[in-house]
Amino acid sequence: MTRSDVIFDPFSEDFFNGPWETYRRMQEETPVYYSQEHDFYALTRHEDVAAAYKDFETYSSAFGLDLATVRSGGYPVRSLIFMDPPDHRHMRSLLNKVFTPRAIESQRAMITEKIDKYLSRVDPDGFDAVQDFAAAFPVEVITTMLGVPEEHAQQVRLWIDDLLRREIGQVELGEKGTQASIATAMFYYDLVVKRRAEPQDDLLSKLIAAEMARDDGGTEKLDDIEIVAFVSLLGGAGTETVAKLIGSAVHVFARNPDQWQKLLDDRSKIPAAVEELLRYDAPAQYTVRRSMKSVELHGVTIPEGKPVFVIGGAANRDPRAWTDPDTFDIDRDRTEAQNLGMGYGVHSCLGAALGRMQSAIALEKLLDFMPRYEVDWDDCKRAHMQNVMGWQNVPVRVLR
């Protein structure tokens, strides 16, 4: 195989600003990429990424989902996202009981209220579609479901920001992120203790009461630390996915006004628009797995014990899988390939239905609020975060 000079660095301006050209070169020149600087491998072609998502025996999640954690040997607390089957299956079965379709649908009125709350506060003559709207309501949705008092929701959002934020070249969690992680854990631990003493009709109380099956036929309950780990994860994932997706939606539709017009003409296309946003500009760009055995792929050997970036964001723009993948088209044939925007395999997103519902309602409300709008392109700013890609600021003005 011809040696490639392409460089993929998930802690660089190139990644944060949208590494689509880098992804394309990786797919063409080095489908099994190796980073000499950071000693990891990366998969970008749709066929390889989809297979890796499903092959937990080769690409393990049990050591973490980011480079620093996988390199350090794993995460000390048992948590859904850091598990492989059969442990993952038991934990997932327990959590599925509290994420039923009926339970998600029951949140529709609350979600609509949160979206209306923040959209009613913005100034149509100039507001930040991310900071004033897209980043504000999702955290209130998930924390309300958990049972967090409303006055604490935006603090949770700030902790999540600190936990995920990375400066250029920063691989390890910094001091501010560490403090945010501790503060988040202590906050949820105190709430778990309160709910054990006085259960309420919220997700936290349901997790405390739920029983998980064991291989021996018995059952067990989650302990306080396991619940804290899960709700911390849920708070972050439930907030960032929707926040980044809606922020990207405002930006992408402004670049593609013909697609916005399609939604104005036919609101039934909103679910398809959400799917295309997840494909085109996925908030969760990658996950990191650990190779559990030596793997040979495309003439390259991935040794056992190495971090492997499984880049769904690249796979979702792979021309081998999608027709004109760099074109944003809400009417595209979605049967061409598996959309990996919400994961795939055993670690497909537990809250996918909730995220899709929030995104669809938010788009519906934005269509009403700003059928015509313009973006201040010069002041748009990308977020610098681990695993996640999207916009930090998208200044908008509604056109009358």
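How do β11 and strand β14 (residues 395-398) pair, and over how many bridges? In this predicted model, the two strands pair in the antiparallel sense over three bridges. They belong to an open sheet of three strands, and helix α13 lies across both of them.

**The three-stranded sheet**

- The strands of the open sheet follow the order β4-β14-β11, and their pairing is antiparallel.
- β4 (127-128) and β11 (373-375) stand at the edges; each has a single partner strand, so one side of each lacks a neighbour in the sheet.
- Strands of a sheet pair through backbone hydrogen bonds, in either a parallel or an antiparallel arrangement.
- Phe127 has Val396 in β14 as its bridge partner.
- Helix α13 runs at about 100 degrees to β11 as it lies across β11 and β14.

- Strand β1 (residues 32-35) pairs with strand β2 (residues 40-43) in the antiparallel sense over four bridges.
- Tyr34 stands opposite Tyr41 in β2.
- These two strands, β1 and β2, form a hairpin with four residues between them.
- Asp39, in the turn of this hairpin, has a positive phi of about 55 degrees.

**Packing of α9 and α13**

- Two packed helices are described by the angle between their axes and the distance between the axes.
- Helix α9 (residues 137-146) packs with α13 at an angle of about 150 degrees, and their axes are 8 Å apart.
- Because angles over 145 degrees count as roughly antiparallel, α9 is roughly antiparallel to α13.
- The crossing of α9 past α13 is right-handed.
- On the α9 side, the residues that meet α13 are Phe137, Pro138, Val139, Ile142 and Leu146.
- Their counterparts in α13 are Val231, Leu234, Gly235, Gly238, Thr239, Val242, Ala243 and Ile246.

**Nonpolar cores**

- The largest nonpolar core has 86 residues, of which Phe133, Phe137, Phe253, Leu363, Val394 and Val396 touch the most other members.
- Helix α13 (residues 224-255) supplies the largest share of this core, 13 residues.
- A second, separate core of 21 residues includes Phe11, Phe40, Ala42 and Met389.
- Phe137 touches Lys114, Ile115, Tyr118, Val242, Ile246, Gln358 and Ala362, when residues up to four places away in sequence are not counted.
- Val396, named among the core residues that touch the most other members, is also the bridge partner of Phe127.

**The setting of Met110**

- Met110 is found in helix α7 (residues 108-119).
- With a relative accessible area of 13%, Met110 is buried, because residues under 20% are counted as buried.
- Met110 is in contact with Val141, Thr144 and Met145, leaving aside its neighbours within four places in sequence.
- Met110 and Thr239 are 129 residues apart in sequence, and 15 Å separates them in space, C-alpha to C-alpha.

Methods
Residues numbered from 1 in each chain as written. Predicted model: local features only at pLDDT ≥ 70, side-chain atom pairs only at ≥ 80, totals over all residues. Heavy atoms only, no water. Core = buried A, V, L, I, M, F, W, Y, C linked by side-chain atoms within 4.5 Å. Buried < 20%, exposed > 50% of the residue type's maximum accessible area, 1.4 Å probe, protein only. Contact = heavy atoms within 4.5 Å. Pairing = 2+ DSSP bridges. Axes fitted to C-alpha atoms, helices over the stretch in contact; angles between N-to-C directions. Parallel < 35°, antiparallel > 145°, perpendicular 65-115°, else oblique. Left-handed = near helix turned anticlockwise from the far one by under 90°.
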